[in-house]
2 protein chains.
Amino acid sequence: MRSSSCRLLVIILCCLLGLVQISLASKVRHFRWEVGYMFWSPDCVENVVMGINGQFPGPTIRAKAGDTIVVHLTNKLHTEGVVIHWHGIRQFETPWADGTASISQCVINPEETFVYRFKVDKAGTYFYHGHYGMQRSAGLYGSLIVDVADGEKDPFHYDGEFSLLLSDWWHKNVHDQAVGLSSNPFRWIGEPQSILINGRGQYNCSLAAHVSNTSSSLCSLRGDAQCAPHVLHVQPNKTYRLRIASTTSLSSLNLAIGHHKMILVEADGNYIKPVAVDNIDIYSGESYSVLFTTDQNPSTNYWISATVRGRHPQTPPGLTILNYHPNSPSIPTSAPPVSPAWDDYGYSKSFSNKIIALQGSPKPPIRRDRQIILLNTQNKINGFNKWSINNISLVLPATPYLGSIKFGLKGAFDHQGPPDNFSRNYDIMKPPMNPNSTQGSGVYTIHFNSIVDVILQNANAMAANVSEIHPWHLHGHDFWVLGYGEGKFSEKDAKRLNLKNPPLRNTVVIFPYGWTAIRFVADNPGVWAFHCHIEPHLHMGMGVIFSEAVERIKKIPEEAIACGLTGKMLMHNHGG
Amino acid sequence: MRSSSCRLLVIILCCLLGLVQISLASKVRHFRWEVGYMFWSPDCVENVVMGINGQFPGPTIRAKAGDTIVVHLTNKLHTEGVVIHWHGIRQFETPWADGTASISQCVINPEETFVYRFKVDKAGTYFYHGHYGMQRSAGLYGSLIVDVADGEKDPFHYDGEFSLLLSDWWHKNVHDQAVGLSSNPFRWIGEPQSILINGRGQYNCSLAAHVSNTSSSLCSLRGDAQCAPHVLHVQPNKTYRLRIASTTSLSSLNLAIGHHKMILVEADGNYIKPVAVDNIDIYSGESYSVLFTTDQNPSTNYWISATVRGRHPQTPPGLTILNYHPNSPSIPTSAPPVSPAWDDYGYSKSFSNKIIALQGSPKPPIRRDRQIILLNTQNKINGFNKWSINNISLVLPATPYLGSIKFGLKGAFDHQGPPDNFSRNYDIMKPPMNPNSTQGSGVYTIHFNSIVDVILQNANAMAANVSEIHPWHLHGHDFWVLGYGEGKFSEKDAKRLNLKNPPLRNTVVIFPYGWTAIRFVADNPGVWAFHCHIEPHLHMGMGVIFSEAVERIKKIPEEAIACGLTGKMLMHNHGG
C-alpha cells in the first residue's frame with residue numbers, strides 16, 4: 001500500500017512537472033485592443049484612418065510558435081461593425097476565430113468586445129487585417145510575427161531583423177470607394193495616391209527627388225512627422241532578416257534594396273529553398289522573409305523601395321531608408337533601386353517559379369480526390385460591374401455560414417453550390433460572349449481529409465485585351481502551389497504539375513490569361529473563404545467559400561454566431 | 001333557446017360589422033424600404049448621401065390618424081447599423097418601435113430587416129430620421145404626414161397643401177465629422193455649406209443673386225438637376241396649408257414667404273391658436289403648419305426662404321419658388337424675404353411666446369408630482385469637449401436600455417441615476433468654475449402616470465459670453481410648454497408658469513442664459529430619450545433618458561433586443 005501511494009505521488013509529480021514545462025514552453029499572450037477612427041497623415045496628407053489603440057498601423061503581435069494569442073477586441077467605431085482576420089494563421093480547432101464577417105463570425109458591434117483566442121502553431125511572417133466591407137483599405141492592419149519555439153531554430157542564420165508591412169493608400173474614404181464600386185454606372189477606385197511602408201508614404205513629392213530621374217519635388221517634412229520614412233538601422237557586415245508582408249488593397253509591388261542582394265528564405269510562413277534575387281515581387285496577401293548582408297560601402301545609406309507592378313503605375317514607389325551605423329539616418333545620396341518594368345510579366349512568372357520548397361518540407365499527396373476549376377471573369381449583373389467565379393459572383397449572407405451550415409439552417413444562404421468547372425467552350429482569350437452572371441453564396445462542400453486541387457483559371461476581362469493579376473488567398477490552410485501556366489488549363493497540364501518540391505503558401509497569384517494549380521488537404525474543419533485579395537475585387541464578388549467537414553466542429557462559442565438566423569435559433573433552442 | 005341563438009347571431013354580426021367598420025376607417029399601410037448610400041448632389045456638389053429606395057430625402061409617408069404604419073426596413077449599408085426614429089409619433093404600446101439605437105432597440109445590421117409597426121394616433125406634420133451616430137446628418141430623413149381620420153376635420157380650411165422639409169448640409173462626410181467631435185484636440189463641424197429645402201440647395205451661388213443684395217454669383221443649373229429648387233405651384237386667391245419641419249443637424253432657421261403673410265395653426269402635430277406672423281422661427285426637431293393665401297400680384301412668382309438664425313450665418317438661405325399659375329416656374333423677380341437679424345433673440349422669444357394652445361386642447365394637470373431641473377453645460381472630460389446635463393454627459397450603452405431595464409440586467413449601464421437638480425451656487429452667467437464633468441447613462445426612473453415638470457436651464461458655455469440655443473426633443477410624449485424665462489429658474493418663476501393655455505409640443509428651445517419649463521404625464525411605458533436635437537450636441541452627450549413604468553411593458557419583440565446582454569439573456573433563458 002505504501003509503495004502504491006508512493007507510485008501515485010510520483011505520477012502526480014510527473015504530471016505537474018509536465019504541465020509546468022508546457023506552460024514554460026508556450027505562453028498565452030493577452031492583448032486589449034480598441035479599434036477606432038482617428039486623424040492621421042499616412043502620406044503627409046491628413047486623413048481619417050482606422051487605428052488600434054491610437055496606433056496606425058496597429059500594434060505588432062510577436063509570439064513564439066505554440067503560443068496562444070488572446071485579443072480582446074473592442075469596437076470603438078461609431079456606427080460600424082468590425083472583425084479582424086489573422087492572415088496566415090490556420091485556426092486549427094478555432095474556425096470561429098478566423099475573423100471573417102458573415103463567414104466565420106458575426107460582426108462585433110460598436111461598444112461590444114469579442115475575444116479572439118487562437119494558437120499560432122507555426123513560426124513565420126504573418127499579419128492581421130479587417131475583413132468586413134473595405135475596412136482593410138481604411139487602415140485596419142498590423143504585423144503578426146511568430147518566432148520559432150524555444151529550443152527550435154530557423155534553418156538560416158541572421159544577426160538582426162526588421163519587418164516591413166506594405167500597403168497602398170487613397171485619399172478618398174473607403175465608404176465612398178465602396179459606394180462607387182456598388183453603383184451603376186460603376187466607379188473604379190483608381191490608382192492609390194501613395195504606397196506606404198509601415199504606414200508611411202509621401203504624397204506628391206519624393207524623398208529621393210534629388211537623386212532620381214523624376215519631376216517630383218523633394219519632400220519637406222520633419223523627421224518626427226507621421227509620414228516620415230521608416231528607417232532600418234544596421235551595422236556593417238552583418239546579416240539581417242527582413243520580413244515583408246503586403247496588405248495592399250490593390251497594388252502588386254516589387255521590393256528592392258539599393259545595391260544589396262537578397263536571399264529569399266520564407267514565403268507565407270513556410271521555409272523555402274534559399275534563392276538569391278535582386279528584388280522580390282510581392283502581391284497582396286503574401287509575405288516573405290529575405291536575408292541581406294550589409295556588405296556595401298558603409299559610408300552611405302541606401303534606399304529600400306516598393307514599386308507598383310502589374311498595373312500602369314501612377315503612384316511613385318514607397319521608400320524606406322537603410323541606415324548604416326554610424327551614419328546619420330539621412331536621405332541616401334544614391335538613386336533608389338530600379339524595379340522591372342510594370343508589365344514585364346515574364347519577369348514576374350520567372351520570380352514566382354523560383355519559389356520552391358525547402359528540402360524536407362511536407363510533400364503533397366500524390367493523388368487528388370477532387371478537382372475544382374475556377375474560372376475568373378469580369379461580369380455585369382443588372383448593369384452593375386462584378387467579378388464572378390464559374391459565373392457566380394459572391395454575396396455574403398447576414399447569418400455567418402459557420403453557424404448556419406453547422407446547424408443546417410434553411411434560408412440562411414443559397415444552398416445550391418456552384419459548379420466544379422466551367423464550360424469547355426469558354427474562350428478565355430476574349431471578352432465574355434455573354435458577360436451576365438448571377439449572384440450566389442458560392443459554397444463548395446468539402447469532405448474531411450479529402451485532397452482537393454483547385455485550378456484558378458484567368459480569362460479576358462470585359463474589355464478586349466485586358467486580363468488582370470489576381471492574388472488568391474485561402475483561409476484555414478496552406479496549399480501547395482503545383483504550377484503556373486499559360487492559356488486554358490488542360491489535361492496535358494495536369495500531368496506536368498510539380499509534385500516534387502512545390503512550395504506551401506496561403507496566397508498565390510494568377511497571371512493574365514494564365515492558370516495556377518494548387519492542392520490542399522481538407523484537414524481543418526471550418527468555413528473558409530478563398531478569394532482574390534484585392535479588396536475591391538472581393539467587394540465585387542471575387543471569391544468562393546469552402547465548407548469543410550463542418551459536422552466535426554464541436555462547440556462554436558455563441559458570441560461568434562449570436563446574430564441573424566443562428567442568433568434566433570440560439571434564443572429558441574437553448575434549454576428547450 | 002332559439003331566441004338566445006338568435007341574439008348570439010345578432011351580437012356576432014354586430015361585432016363583425018364593427019370590425020369591418022374599423023378596417024374601413026383605419027388602414028394598415030405597408031412600406032418596404034432599403035437604406036443605402038448613393039451619389040447625389042443635394043446642393044449641386046456631388047457627394048454621398050444616405051437614401052431610402054434610391055430617394056433623397058426618403059419617401060414621404062402619408063397616412064390617416066388611427067392608421068397603422070408597417071415599415072420593413074432593410075439595411076443595405078456596407079458596414080454600418082441603422083435605425084429610424086419616427087419623430088413626434090408617441091409609440092403608445094410600441095416603445096420598441098421608437099427607432100433609437102441603444103435606447104429602444106438594437107441596431108439593424110447590414111442585410112438584416114427590422115419591421116417597425118406602430119400606430120399614428122394623431123393627425124399632424126411629422127418626419128422620420130436616423131437616430132444612430134450622426135446618420136441623420138448623412139441624409140437619412142423624410143416626411144411623415146398624418147391626415148385627420150375619415151369623418152374628422154381640421155379646425156381650419158385650406159384648398160391645397162405643400163410640405164417643406166428643412167435640413168442643412170456639409171460637404172464633409174459624417175464619419176469624419178464624428179471623428180472630429182470625438183477627438184482631442186476637438187474639431188467642430190463648422191457651419192453648413194448649404195441649407196436644403198426638400199433636399200435641395202445651391203452651394204456657392206444664389207438663385208436670387210440678380211435681385212438680392214449679395215455678392216454671390218447666379219446659379220446656373222438645369223431645371224432637372226437634383227439641386228434645382230423645389231417649386232410650389234399655386235392658383236391665385238386660394239388658401240394653402242404649408243407644412244414645415246426641420247431636421248437640421250445644427251441650424252436654427254427662419255422661414256418666410258415673400259410678400260405673403262402666414263397664419264400659424266399647428267406645432268409638432270398639435271393645433272394651436274391661429275396667429276398671424278410674417279415669418280416663422282423653426283428649430284431642429286420642430287414642425288409647423290401655416291396657412292397662406294395667394295392674394296398677391298399673380299403675374300409674378302415669389303421666394304420662400306429658410307435663413308440661418310441664432311448663429312452668425314455663414315450659409316446663404318435655402319430657397320424655394322412659389323409659382324403662381326399660369327406663370328412659368330421661373331426665378332422670381334422680387335428679392336427674397338428679409339428675416340430678422342440672426343442674433344435678435346428678442347424676436348425669437350416673442351415668436352415662441354405667440355404659440356399657445358387652441359381653445360379646447362387638453363390642459364395640463366394643475367400640480368406636478370416631480371420636478372427635474374436640468375442644467376445644460378459645456379464641459380471637458382479627460383480633455384475631450386462634451387455637453388453635460390447636471391454634470392453628466394450621456395454615453396449610450398451597447399445593450400439597449402429598453403431590454404436591460406425591463407429584465408433588470410446588471411452591468412448593462414450605470415444604474416446610479418443623475419440628480420434631479422444642480423447646485424444652487426452654480427453661476428449660469430459665467431463659464432463653469434470647474435468645467436470637468438463625468439460620463440454616465442443618464443437614466444431617470446419615472447413612475448407611471450406621475451406628472452413631471454422639467455426645467456431646462458441654460459448656462460454660459462466654456463468660453464466667456466457664450467450661451468447657445470438648444471432645441472430639446474422628448475420621445476414618447478407631447479409636453480406642455482409652461483413658459484420661458486431669463487436667467488436662473490427660481491421658485492418665483494415656478495409660480496408664474498402658464499397653466500391656462502400652454503401649447504403641447506414635442507420639441508422646445510432654450511434660449512441663451514434662459515430657462516424653459518415643460519410638464520408631461522408619464523402615461524406611456526417605455527424608455528424615452530430627451531435630448532438636444534442638434535446632432536453634434538447629442539453626439540457630445542447632451543441628453544438624458546426617461547425610464548418610464550417599464551414594468552408595465554408586456555412582450556418586447558425579441559428582434560428589438562437580440563443584442564448585447566439582452567441577446568445573451570434570451571439565448572439562456574428561453575425554454576429553460
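How many aromatic pairs does a search of the whole structure find over all chains? The search finds 52. This is a predicted model, and every value below is computed from it.

**Rings and charges**

A pair of aromatic rings is described by the distance of the centres and the angle of the planes. Take Tyr401(A) and Phe413(A) as one example. Their ring centres lie 5.2 Å apart and their planes meet at 70 degrees, so the pair is edge-to-face. Tyr401(A) belongs to helix H4 (residues 401–406) of chain A, while Phe413(A) sits in the loop between H4 and strand S23 (438–440) of chain A, so the pair ties together parts that are twelve residues apart in sequence.

Salt bridges are found too. Over all chains, the search of the whole structure gives 48 of them. In one, the side chains of Asp147(A) and Arg62(A) meet, with N and O 2.9 Å apart. Which strands does this pair link? Asp147(A) is in strand S8 (residues 141–147) of chain A and Arg62(A) is in strand S3 (residues 61–64) of chain A, so the bridge ties together parts that are 85 residues apart in sequence.

| Salt bridge | N to O distance |
|---|---|
| Asp147(A) and Arg62(A) | 2.9 Å |
| Glu535(A) and Arg136(A) | 3.2 Å |
| Arg187(A) and Glu46(B) | 2.7 Å |

**Domains within chain A**

Chain A is divided into domain 1 (28–147), domain 2 (160–354) and domain 3 (370–567). Look at domain 1 and domain 3 of chain A. Their C-alpha centres lie 24 Å apart. The contact between them takes 26 residues from domain 1 of chain A and 37 residues from domain 3 of chain A.

How much area is buried between domain 1 and domain 3 of chain A? The answer is about 2,300 Å², and carbon and sulfur atoms give 62% of that. On the domain 1 side, Trp96(A), Ile103(A) and Cys106(A) lose the most area to domain 3 of chain A. Together, these three account for 27% of what that side buries.

Charged and polar groups also meet here. Two salt bridges are counted between domain 1 and domain 3 of chain A. Glu535(A) and Arg136(A) form a salt bridge through their side chains, at 3.2 Å from N to O. The side of domain 1 of chain A that touches domain 3 of chain A has eight nonpolar, 13 polar and five charged residues.

**Where chain B meets chain A**

Now turn to the two chains. Their contact takes 39 residues from chain B and 39 residues from chain A. Chain B and chain A bury about 3,300 Å² between them, with 58% of it on carbon and sulfur atoms. Which three residues supply more of the area that chain B buries against chain A than any other three? They are Phe39(B), Thr79(B) and Met571(B), which supply 21%.

Two salt bridges cross the interface of chain B and chain A. Arg187(A) forms a salt bridge with Glu46(B), and their closest N and O atoms are 2.7 Å apart. The interface also has 13 residue pairs in polar contact. Several elements of chain B take part. Strand S1 (28–40), helix H2 (174–181), helix H7 (558–561) and helix H8 (564–573) of chain B each supply at least two residues of the side that touches chain A. By class, that side of chain B has 13 nonpolar, 17 polar and nine charged residues.

**Backbone exceptions**

Most residues other than glycine have a negative phi, and most peptide bonds are trans. Some spots in this model depart from that pattern.

A cis peptide bond joins His325(A) and Pro326(A), with omega about 0 degrees. Pro326(A) lies in the loop between strand S19 (318–324) and helix H3 (345–354) of chain A. Another cis peptide bond joins Phe56(B) and Pro57(B), where omega is about -15 degrees. Pro57(B) is in the loop between strand S2 (47–52) and strand S3 (61–64) of chain B.

Does Asn237(A) have a positive or a negative phi? Its phi is positive, about 60 degrees, although Asn237(A) is not a glycine. Asn237(A) sits in the loop between strand S11 (231–234) and strand S12 (239–246) of chain A.

Key
Residues are numbered from 1 along each chain as its sequence is written. Chains are lettered from A and ligands numbered from 1 in the order in which they are written. This is a predicted model: local features need pLDDT of at least 70, side-chain atom pairs count only at pLDDT 80 or more; totals for chains, interfaces and linings use all residues. Side-chain values use heavy atoms; hydrogens and water are left out. Domain bounds come from an automatic or database domain assignment. Contact means heavy atoms within 4.5 Å. Buried area is the accessible area (1.4 Å probe) that two parts lose on being put together, summed over both. A salt bridge is a side-chain nitrogen of Lys or Arg within 4 Å of a carboxyl oxygen of Asp or Glu. Ala, Val, Leu, Ile, Met, Phe, Trp, Tyr, Cys and Pro count as nonpolar, Asp, Glu, Lys and Arg as charged, and the others, Gly among them, as polar. A polar contact is a pair of N or O atoms within 3.5 Å; within protein, one must be able to donate a hydrogen and the other to accept it, and residues adjacent in sequence count only if both atoms are side-chain atoms. Helices (H or I, at least four residues) and strands (E, at least two) are DSSP runs, numbered from the N terminus. Rings of Phe, Tyr and Trp (its six-membered ring) pair if their centres lie within 6.5 Å; planes under 30 degrees apart count as stacked, over 60 as edge-to-face and the rest as tilted.
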